[in-house]
Amino acid sequence: MMEQKEFICIEPSYLEKFFCDGSKCGGSLCCYGWQQILDDAALARYRALTGDEGKKLRQGLVYLSEAENFGFRHKDDHCVFLRADGLCGLQIQYGAQMLTDVCAEYPRKTRLFPENTLERALCVTCPVAAELILQNEEPIQLVQRQIQSTRSQYFQPAGEAENLQVLNFFDWQARGMEILQDRTLSLNQRLSMLLQELAAADEKLPWGRDTEDSIWTPWNLVRQAEFFCRFTAGIEDNTQQTQNYLAVAESLELQKMDGIRAELEEKIEQSYGLMLENYLVNEWFKELYPCAVLGTYAYNGLYFVVQWEIWKFLLLLELNGKNGQEEVPAVIRRTAGWLASRLNHYTAARDVLMELLRINKG
């Protein structure tokens, strides 16, 4: 029996509207292409189910020697419990309590703070969540709720109370969201302001600063393309989608396109800047900036900004020459999903990005 605990949960208000609906995506992300490892509690529940139902359920499991654990059996590259309507057969028959932690919690990403406090947000890798996050017309607002959960073992520890206090983590988390939602400034101006404040604040950190005052100016297309190519090579991304991006990038005369790029960026931001803003704000909150990676505030800020440079490059590749053939919001959702999936699901992504940042700082 899973122990139910009570938590104070801080989360964006959009989360109240979210529920998993596989009929909207056909289980195209959660249930296709990747082998989920079962948590111990879920495996115990499946083993305890008696009779023909238990036998049938266990036939849907497979031992994965490389993981030294069990996962769901796949057929034609999808989980055998995925129904034709895109819904989970286990959940339909037994309820959410029979799901694994990953199935029950995704696309929520939950961090556990001291004193039974949580921060939770959604990942844009889920198409249903992406629509909720990116097309929210109001600035992202945080709300506080009391929740109960039996899956606290799945929550990711966010750090010790003393360290969070030394880092003024919650103040900087709030300040970052405030700057990123300042609509009197362009997105580039907001990021520049954020980096300047973070660099100044480094002076108060025990380990000091590691970055010059002039820490970022928007990159040209050639630099974006070089960084993108090195990043995808570093994480060994051989997917067809990424190969298509690389082929398009190779075919373009990038040095001649900077004027087009500036015009296109301005056009996108004027019409769809809120979607771009929502992604940045959600990532800032969800990934625990400015303490997402080891290093100073300014280093964390640069780590955040280079992802923005990758995303701008992808948007240009997708939108250049389309002439309205595809809705821009769909392109924004798809490219945001590409970036988020690499950062969250490619195990080498963080190390590769940090190394590239070290040798391309500023």
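**Close-up views of a predicted model**

**View 1. Thr-110 and its contacts.** Leaving out neighbours within four places in sequence, Thr-110 is in contact (heavy atoms within 4.5 Å) with Glu-105, Leu-118, Glu-119, Arg-120, Phe-155 and Gln-156. Thr-110 belongs to strand β6, residues 108-113; strands (E, at least two residues) and helices (H or I, at least four) are DSSP runs numbered from the N terminus. With 6% relative accessibility, Thr-110 counts as buried, a term for under 20% relative accessible area with a 1.4 Å probe and protein chains only; exposed is over 50%, and partly exposed is in between. Thr-110 and Leu-315 are 205 residues apart in sequence and 29 Å apart in space, C-alpha to C-alpha.

This is a predicted model, in which local features need pLDDT of at least 70 and side-chain atom pairs count only at pLDDT 80 or more, while totals for chains, interfaces and linings use all residues. Residues are numbered from 1 along each chain as its sequence is written, and side-chain values use heavy atoms, with hydrogens and water left out.

**View 2. Helix α7, residues 169-180.** This helix has twelve residues and reaches 17 Å from its first C-alpha to its last, close to the 16 Å expected at 1.5 Å a residue; the expected span is 1.5 Å times one less than the number of residues. The buried residues of α7 are Phe-169, Trp-172, Gln-173, Gly-176, Met-177, Ile-179 and Leu-180. They cover an arc of only 165° around the axis (taken from the directions from the helix axis to the C-beta atoms), so they lie on the same side of α7.

**View 3. Gln-224 in helix α9, residues 221-234.** Gln-224 is buried, with a relative accessible area of 2%. Residues up to four places away in sequence aside, Gln-224 touches Trp-219, Arg-261, Glu-265, Glu-309, Lys-312 and Phe-313.

**View 4. The second largest cavity.** A cavity is a set of points on a 1 Å grid over the protein atoms alone where a 1.4 Å probe fits but cannot get out; lining residues have an atom within 4 Å of a point. The volume of this cavity is about 30 Å³, counted as the space filled by probe spheres set on the points, with grid points joined across faces, edges and corners. Its lining consists of Tyr-279, Leu-280, Glu-283, Phe-304, Gln-307, Trp-308 and Leu-339. Helices α11 (258-286) and α12 (297-319) each supply at least two residues of this lining.

Technical notes
1 Å grid on protein atoms, 1.4 Å probe; cavity = no way out; pocket = protein on both sides within 12 Å on 5 of 7 lines; lining within 4 Å.
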